[in-house]
Amino acid sequence: LARRLRAKDPARAGDRARELEERGLFHLFVKSELGEVAIREDTLRMAQRLGGKQLAVTLWEDALRPDSISPWERPGRHYTPFVSDIQFQNSLPRDRMAACALLARRGDREAAVMLLSFLWHLQGPEVYREEYPDEMDALRQMETAAADAVVALGTVAYPVAENFLRLAETPWHRRRAVRLMRGLGDARALRPLLEALAWETREEESYGVAAALEELGDPQAIDGLVDAALDVRRPLTRRREAAETLGRFKDPRSVAALGKLAKEDGFGTVSAYGLFRLTGDEAGRAKLTAGLKAGDDSLEVVRLLGKCEDSDALREVLLDGFVEGVPVARPGILELLKARFWPQAKDRVRDVLLRAAESANVQDYVLEELGAMGGPEAAERLLNLVQGASGDDVWAKAARALARTGDARAVQFFNRARILEKDPGRRRLAEQLHEEAQAEHARREKAARG
């Protein structure tokens with residue numbers, strides 16, 4: 001196999017590798033040949049293709065080969081480019097992590113645990129990332145591989161993730177430890193996550209602990225979150241995160257804490273959201289509606305409303321915001337309405353979009369939505385925009401939206417434009433859109449008859 005790899009004969013090398021794998025000997029070849037510069041990268045690539053539990057063990061044993069470095073530091077130090085063959089060292093983590101990730105996706109739990117451990121060691125300190133920026137690509141791939149391992153392992157990975165969380169010493173490691181814990185969704189994560197809230201008391205940086213507790217959804221987190229939200233020693237942003245998470249738990253303790261925070265500066269929007277979500281509070285509803293119309297916090301309000309449960313009150317807040325809110329918030333509101341309240345909201349949304357299409361600076365989403373909704377009024381507005389457009393960009397966007405309406409007037413317009421339009425670019429686009437408009441018109445006619 002080594003001779004065939006040196007000769008760059010991949011077909012015959014692959015046959016020989018499969019034969020060795022069937023005999024249970026391929027891992028010995030990998031272990032013995034990793035030191036040979038001429039073929040080791042090809043060997044690792046072949047290892048990825050073949051897979052096998054013993055192969056993962058072999059790769060891991062090589063990563064932890066005995067030397068003077070302590071076991072905790074060994075993998076990370078082993079793969080830093082302090083040796084002469086920098087190119088190989090830079091590619092090696094990606095190859096080996098990919099092999100482990102492959103096994104983890106196949107359900108090999110032992111490989112997945114090794115993958116998580118491997119990831120942890122290879123996430124070096126800030127100075128390492130600054131000194132060797134080329135390693136960032138490898139680190140990003142390793143994060144993806146760790147996510148694959150979490151999925152493969154499920155709750156079996158919990159002890160590994162908890163160990164990461166307890167041993168984390170830097171903000172950089174803590175964020176990733178919390179992310180692993182969050183990805184597992186294991187009920188045992190409650191206690192270590194609540195302990196991790198103490199980190200955010202001393203430091204400005206967020207580790208995503210509140211979001212992890214929100215996803216976990218365990219009411220036993222309420223007391224810890226209340227303390228965190230009311231603790232004036234904590235940074236304001238961290239307190240707001242805890243207050244937002246309280247909106248997840250319908251409990252008198254949450255309501256009382258949010259009521260207190262509503263009287264403090266900096267908590268108006270998040271406390272209004274929590275009280276509206278938990279109790280349907282009218283004052284909170286009014287504040288959220290005003291936030292959609294004011295502009296300063298409109299996008300934040302849209303994000304928070306997206307976390308609320310479906311209700312008539314939520315639908316009315318969103319509709320009021322879409323009708324009277326600032327333009328920057330409307331695309332986000334529209335997505336919520338389409339996803340959750342479209343049958344009841346469609347007509348009012350159409351009216352707003354038709355008015356918006358008369359604006360001199362019509363937004364792209366207005367054109368797209370009118371095209372998707374169709375109808376005689378939408379087609380008329382879009383046709384007027386196309387005919388009056390001076391710039392090619394506006395003409396093209398409005399024309400594409402017009403074709404999507406499937407209106408008979410759109411078919412007629414593009415039939416003429418593909419012949420009479422003076423601009424070559426517009427003629428070509430009109431030719432394409434004429435076919436699309438015809439197809440859409442036929443589809444809508446068939447749907448109407450059916």
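Tutor: Let us start with Ala286, which has its place in helix α19, residues 282–294, where helices are DSSP runs of H or I with at least four residues, strands are runs of E with at least two, and both are numbered from the N terminus. The model is a predicted one, in which local features need pLDDT of at least 70 and side-chain atom pairs count only at pLDDT 80 or more, while totals for chains, interfaces and linings use all residues. Residues are numbered from 1 along each chain as its sequence is written, and side-chain values use heavy atoms, with hydrogens and water left out.

Student: Why is Ala286 called partly exposed?

Tutor: Buried means under 20% relative accessible area, exposed means over 50%, and partly exposed is what lies in between, with a 1.4 Å probe and protein chains only. Ala286 has a relative accessibility of 47%, and therefore it counts as partly exposed. In space, the C-alpha atom of Ala286 is 8.4 Å from that of Val317, although the two residues are 31 apart in sequence.

Student: What makes Glu214 a buried residue?

Tutor: Its relative accessibility is 14%, so Glu214 counts as buried. Glu214 belongs to helix α14, and the buried residues of that helix, which covers residues 209–216, are Val209, Ala210, Ala212, Leu213 and Glu214. Leaving aside neighbours within four places in sequence, Glu214 is in contact, meaning heavy atoms within 4.5 Å, with Thr245, Arg248, Tyr273, Arg277 and Lys307. Just after α14 comes Gly217, with a positive phi of about 70°.

Student: How do you know that α16 and α18 are roughly parallel?

Tutor: Two packed helices are described by the angle between their axes and the distance between the axes. The axes are lines fitted to C-alpha atoms, for helices over the stretch in contact, and angles run from 0 to 180 degrees between N-to-C directions. Helix α16 (residues 236–246) and helix α18 (residues 268–279) pack at about 10°, with their axes 8 Å apart. Angles under 35 degrees count as roughly parallel, over 145 as roughly antiparallel, 65 to 115 as roughly perpendicular, and the rest as oblique, and α16 and α18 are therefore roughly parallel to each other. On the side of α16 the contact is made by Arg240, Ala243, Glu244 and Leu246, and on the side of α18 by Val270, Tyr273 and Leu278.

Student: Is Glu440 buried or exposed, and what is the reason?

Tutor: With a relative accessibility of 16%, Glu440 counts as buried. This residue lies in helix α28, residues 424–449, and touches Ala403, Arg404, Thr405 and Gly406, when residues up to four places away in sequence are not counted.

Student: What makes Lys8 an exposed residue?

Tutor: The relative accessible area of Lys8 is 57%, and so Lys8 is exposed. Lys8 is found in the loop between α1 (2–6) and α2 (10–22), and its phi is near 55°, a positive value in a residue other than glycine.

Student: Why is Asn415 called partly exposed?

Tutor: Asn415 has a relative accessible area of 31%, and therefore it is partly exposed. Asn415 lies in helix α27, residues 408–420, and its C-alpha atom is separated by 7.5 Å from that of Glu431, 16 residues away along the chain.

Student: How many helices and strands does the chain have?

Tutor: The secondary structure comes to 28 helices and 0 strands, and buried residues make up 49% of the 450 residues in the chain.
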